[in-house]
Amino acid sequence: MTDPQPETDPALAAVTARIASAPLGPALEERGTVAAIADGLATVTGLPGAGLNEIVTFATGARGFVLTLEEDRLHAALLDPMAGIAAGSAVQRTGEVISVPVGPALLGRVLDPLGRPLDDLPAPEAVAHLPAERPAPAIIERDFVSEPLQTGILVIDALFAVGRGQRELIIGERQTGKTAIAVDTMLNQAGSDVICVYVAIGQRMSAVRRVIEAVRARDALARTIFVVAEATAEPGQRWLAPFSATTIAEWFRDSGKAVLIIYDDLTKHAATHRELALLARQPPGREAYPGDIFYLHARLLERSAKLSAARGGGSLTALPIAEIEAGNLSAYIPTNLISISDGQIVTSATLFAANQRPAVDIGLSVSRVGGKAQWGAMKAVAGRLRLDYAQFLEMKMFSRFGGFGDAAMKARMLRGERIAALFDQGRFAPLPVLAQIALLAALDAGVLDPVDPAKFPALKAVLPEIVAAEPKLAALATRPEKLDDDSRSALVAAVRSALART
């Protein structure tokens with residue numbers, strides 16, 4: 001008779017199984033030493049096998065990534081506080097390229113450039129981790145930019161149409177409404193199929209919170225992702241932020257979705273790159289920027305594109321923001337960004353001071369995609385709008401020296417004043433495309449000429465509901481590719497009905 005076998009402890013069995021499955025053998029570790037450290041950049045020796053963008057860990061547990069390589073040393077930008085790291089500290093390679101989590105769980109979240117939560121919620125469950133720096137789609141993988149991305153801002157949608165897959169720069173002086181244009185564009189996507197990614201680079205956290213609260217208050221947070229590297233964050237995080245956010249956006253684009261990404265702003269990103277480059281003793285060039293500053297933003301913005309049907313047909317639209325000083329558009333970074341992007345929306349300090357919102361300078365702004373990404377119905381009513389408005393601005397300047405006696409000139413001035421009043425649009429008040437077309441159709445028909453411009457804000461408030469409820473406009477609302485006479489008449493009638501309510 002055999003003795004009964006003793007019962008096995010499940011915990012002991014699990015540990016035994018783990019020990020049995022553990023790989024045995026030598027493990028290779030490559031360690032180096034910090035030669036110098038200052039302002040978030042460590043100079044490291046003794047890691048000859050390290051590659052660009054590889055993560056390295058310091059003795060304190062802090063992490064950094066390899067920013068530049070030299071013959072006998074490398075420079076690592078820190079992603080965590082540098083407290084406790086000094087010359088002589090140990091550094092170890094990880095063999096991993098810096099990557100970020102991606103997936104639908106990131107929607108509605110506020111994250112840092114490494115995907116760590118900043119909204120006091122658990123870390124999102126990622127479907128994968130992708131490198132922060134990835135190659136841009138090849139030419140053969142791209143498609144034509146032909147479908148508009150509606151901003152909800154009349155002056156932009158009518159004159160400088162932005163297409164899905166386009167890169168449209170928003171540029172202007174400080175405090176002229178650049179971020180407001182970008183945020184209004186995000187809010188206008190609340191009821192669409194577009195996913196928004198907002199990346200804050202070197203911004204004050206109070207300003208970022210205002211943007212987040214504006215999006216949350218208008219129920220647009222569920223389709224928005226915030227990637228934040230505030231002004232007090234480590235330089236490595238500020239440098240990495242736009243690349244990480246683009247990788248997050250690319251995952252949705254490669255899944256066949258339309259994505260909008262806003263970089264706020266790239267002048268601060270360029271300043272961070274200059275800071276790190278000077279610490280690494282790279283040769284300074286114009287305005288002390290290193291020689292690769294153009295390549296830095298070119299390889300970032302080239303990742304925004306409209307993909308071909310074979311690649312899923314997704315799109316990534318970029319709205320980079322840049323700040324200029326004293327209206328100098330010919331500065332180094334602004335000219336770089338203008339040459340990389342597909343057009344620019346220029347905000348004017350003079351118009352902003354004159355209480356014109358948004359303060360868009362139509363003479364300097366342009367979209368190089370233009371009418372190719374504009375609905376046919378919008379094109380039909382906005383054809384002469386830019387010319388008429390430009391003539392009005394010129395006549396307004398000369399009217400200071402005396403009035404116009406010609407009746408035709410007076411009529412042009414009257415029409416120009418109505419155009420200016422239509423373009424005046426407050427924050428957080430995006431207009432649906434059908435309401436925009438209706439307003440411009442009514443302007444073209446002369447319906448708005450006798451109307452006091454002071455009534456236009458009330459008109460814009462009631463018009464969207466009226467045009468949405470009009471059965472004759474149902475087909476035009478879904479795909480406004482062509483404007484026939486019946487639809488034009490229905491739009492003008494809707495504006496007359498809205499005027500009767502104001």
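In this predicted model, the lining of the second largest pocket draws at least two residues from each of helix 9, helix 11 (385–398) and helix 12 (407–423). Helix 11 provides the largest share, with five residues. The space in this pocket comes to about 570 Å³. Its lining has 21 residues, and those closest to the centre are L351, Q356, Y389, L393 and K396. Sorted by class, the lining holds 13 nonpolar, four polar and four charged residues.

The largest pocket holds about 780 Å³ of space. Here 33 residues form the lining, and Q175, K178, T179, A180 and R210 lie nearest the centre. Helix 3 (178–188), helix 4 (205–217) and strand 14 each give at least two residues to this lining, and helix 3 gives the most, with six. The classes are 14 nonpolar, eight polar and 11 charged residues.

A search of the whole structure finds one cavity of 30 Å³ or more, and the volume of the largest cavity is about 50 Å³. The residues that line this cavity are P148, L149, Q150, D157, A161, V162, A373, Q374, W375, M378 and V433. Eight of these lining residues are nonpolar, two are polar and one is charged.

Six strands, in the order 1-2-5-4-3-6, close into a barrel with antiparallel pairing. Strand 1 (residues 31–38) pairs with strand 6 (residues 90–97) in the antiparallel sense over three bridges, and T33 has A90 in strand 6 as its bridge partner.

A further sheet is open and has eight strands, with mixed pairing and the order 8-12-11-13-14-10-15-16. Its edges are strand 8 (110–111) and strand 16 (366–367), each of which pairs on one side only. Within this sheet, strand 11 (residues 194–201) and strand 12 (residues 224–229) pair in the parallel sense over six bridges, and I201 stands opposite A229 in strand 12. Helix 8 (residues 332–340) lies across strand 10 (169–173), strand 14 (315–324) and strand 15 (343–347), and the angle between helix 8 and strand 10 is about 155°.

Helices also pack against one another. Two packed helices are described by the angle between their axes and the distance between the axes. For helix 13 (residues 433–444) and helix 16 (residues 485–501), the angle is about 90° and the axes are 8 Å apart. Helix 13 is therefore roughly perpendicular to helix 16. On the helix 13 side, the contact is made by L434, I437, A438, L439, A441, A442 and D444, which meet R488, L491, V492 and V495 in helix 16. This contact has nine nonpolar, no polar and two charged residues.

A few details of the backbone complete the picture. Most residues other than glycine have a negative phi, and most peptide bonds are trans. Against that background, D264 and D265 are joined by a cis peptide bond with omega of about -10°, and D265 lies in the loop between strand 13 (258–264) and helix 6 (266–279). Another cis peptide bond joins R357 and P358, again with omega of about -10°; P358 sits in the loop between helix 9 (349–353) and strand 16. D120 has a positive phi, near 60°, and belongs to the loop between strand 8 and strand 9 (128–131).

Key
Residues are numbered from 1 along each chain as its sequence is written. This is a predicted model: local features need pLDDT of at least 70, side-chain atom pairs count only at pLDDT 80 or more; totals for chains, interfaces and linings use all residues. Side-chain values use heavy atoms; hydrogens and water are left out. Two strands pair if DSSP finds at least two bridges between them. Helices (H or I, at least four residues) and strands (E, at least two) are DSSP runs, numbered from the N terminus. Contact means heavy atoms within 4.5 Å. Axes are lines fitted to C-alpha atoms, for helices over the stretch in contact, and angles run from 0 to 180 degrees between N-to-C directions. On a 1 Å grid over the protein atoms alone, a cavity is a set of points where a 1.4 Å probe fits but cannot get out, and a pocket is an open set with protein on both sides within 12 Å along at least five of seven lines; lining residues have an atom within 4 Å of a point. Grid points are joined across faces, edges and corners, and a volume is the space filled by probe spheres set on the points. Ala, Val, Leu, Ile, Met, Phe, Trp, Tyr, Cys and Pro count as nonpolar, Asp, Glu, Lys and Arg as charged, and the others, Gly among them, as polar. Angles under 35 degrees count as roughly parallel, over 145 as roughly antiparallel, 65 to 115 as roughly perpendicular and the rest as oblique.
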